[in-house]
Amino acid sequence: MIFPQKNVRFIAINDGVDSAQGDNDFAPLRNIFNDMYSRDISKKVLAGRMTRSRQGKFCGGQPPLGLMRDPDEKGHLIIDSETAPVIRRIFELALNGWGCMRIAKQLMDDKVPITRVKANTECDVNYYSWGSARISHILRNPFYKGAHLVCRTHQKGIRSNTYDIIPREDWEVIENCHEAIVTPAEWEQVQEIIDRRPTIMKGNACPFYNLFHGIIYCATCGKSMQVRYEKVGRTGKNRFTGKEREPIDKAYYICQTYNRLGKNACTSHKIEARDLYNLVLQDIQDLAAMALKDADVFYQRLSSRMERQYMADASEMQKECDRLEARNQEIDSMFMSLYTDKTKGILTEQRFLKLTATLEQEQEANRKRIQELALVMHRTDEQESDVRTFVQEVRKYATIQELDEAVLNRLISKILVGEVRKVDGQRFQEVKIVYNFVGEIPEIVE
């Protein structure tokens, strides 16, 4: 025992134990039973809390910023009218393409409080100390779309005080548990913006502010395009117009794979930042003009184009689903055949386990693919509302004269830059603009 080694007298009145009167042979045994009892109680309490949490009840301590406990219903959350506008503003800025650090700096400049209660100190810097990690935590929190997250961490063992962080893809989320601060569609759009935004490469400081960060990709390899700034080789003045060059006139985009691995992996796909800017601006202006001129006609053209594309895609996806389902049924039959061979002694136990494990992996992969295809086909069924939403969005920018992050992230999902090709001595480069809600829009002839 530890106490005798440390010269500590141990007295347990209820158990009649006094270490000063000699060793008690039953004391260690009692400790074991007491420890088992406490572990059993701990497991039951945890099971009860997990059951309530899986019912959509909030069992944590302080509710997330923007929400508060419902005084009339235990475990239910309601919107906090004082702090909810801060959460809405953060999501609005994220939808406009702002990064986490930029949002945090803006909130600090505006002196937006980070907590509900201000500390009783003269220095209030911590009261407004927003950080990128805090903003990222808010943007990733499913509570703000009305859902409930069962748990973020898992304790490794009782009294271990060590926890495993549950990966985001393994989160257990219960939908529609309380009133949402932002709509689920807005929350999902923010997740897409965050996921597609690549990390900012260090070095090559560029005075050109990269408006297309996170939405421009190489059409060949699928990697993001990196902006580069030519400090040497381009003079400060345009030799044809005599005007001073702006930072955008010295910037260009190249493929990330080409930049890292060279021409054997992928070509440069180089495109001037000014050319890309003018191309995207002109395309948005043309679409906005058509939507403003006659919204119904523009809607009908988009709908008919998407319907033709959907019919072709749906047919291929349905064929793939049928093929995968047939394969899974075939695997079920193979399981029975393998089990029969094992019982007859044709297959060894080790060989049987190896074969069944391989087939189970294939079957599980097929199930996941079938679920993905089902979601895609269900999503395409909602094309009518998506087209109307796009028409309403693009009409807002009928008088647009310059691009900014808000316009790009509200309208565009991604931009695919093709390889530069020479045809009859002329250089051609294909650029595909994939819009939110409707995808790529081919040229519409008036």
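## A histidine in a loop

His 269 sits in the loop that runs between helix H7 (256–261) and strand E12 (271–272). Please keep in mind that this is a predicted model. Is His 269 buried or exposed? With a relative accessible area of 1%, His 269 is buried, because buried means under 20%.

Which residues does His 269 contact, once its neighbours within four places in sequence are set aside? The partners are Cys 218, Thr 220, Met 225, Tyr 253, Cys 255, Val 417, Gly 418, Glu 419 and Gln 429.

The largest nonpolar core contains 45 residues, and Phe 212 and Leu 403 have the most contacts inside it. Helix H8 (residues 273–293) gives the most to this core, contributing 10 residues.

## One face of helix H5

Helix H5 (residues 132–139) has Ile 135, Ile 138 and Leu 139 as its buried residues. Why do these buried residues line one face of the helix? Viewed down the axis of H5, they fall within an arc of 95°, so they line one face. An α-helix has 3.6 residues a turn, so residues three or four places apart point the same way.

What do the buried residues of H5 pack against? They pack against H3, helix H4 (100–109) and helix H6 (184–196).

## An arginine on helix H3

Arg 89 belongs to helix H3 (residues 84–95). Arg 89 is partly exposed, at a relative accessible area of 33%.

Not counting residues up to four places away in sequence, Arg 89 touches Gln 106, Leu 107, Asp 110 and Val 112. For one of these pairs, Arg 89 and Leu 107, the separation is 18 residues in sequence and 9.6 Å in space, C-alpha to C-alpha.

## A nonpolar patch on the surface

Finally, let's turn to the outside. Leu 29, Ile 32, Phe 33 and Met 36 form a nonpolar patch on the surface, and together they have about 420 Å² of accessible area. Leu 29 is placed in helix H2 (residues 27–54), and this leucine is partly exposed, with a relative accessible area of 42%.

Technical notes. Residues are numbered from 1 along each chain as its sequence is written. This is a predicted model: local features need pLDDT of at least 70, side-chain atom pairs count only at pLDDT 80 or more; totals for chains, interfaces and linings use all residues. Side-chain values use heavy atoms; hydrogens and water are left out. Helices (H or I, at least four residues) and strands (E, at least two) are DSSP runs, numbered from the N terminus. Buried means under 20% relative accessible area, exposed over 50%, partly exposed in between (1.4 Å probe, protein chains only). Contact means heavy atoms within 4.5 Å. Patches are made of residues with over 30% relative accessible area and no salt bridge: like charges are joined within 9 Å, nonpolar side chains (Val, Leu, Ile, Met, Phe, Trp, Tyr) within 5 Å. Accessible areas come from the Shrake-Rupley method with a 1.4 Å probe; for residues, only the protein chains shown count as cover. A salt bridge is a side-chain nitrogen of Lys or Arg within 4 Å of a carboxyl oxygen of Asp or Glu. A nonpolar core is a set of buried Ala, Val, Leu, Ile, Met, Phe, Trp, Tyr and Cys residues joined through side-chain atoms within 4.5 Å. The arc is that of the directions from the helix axis to the C-beta atoms.
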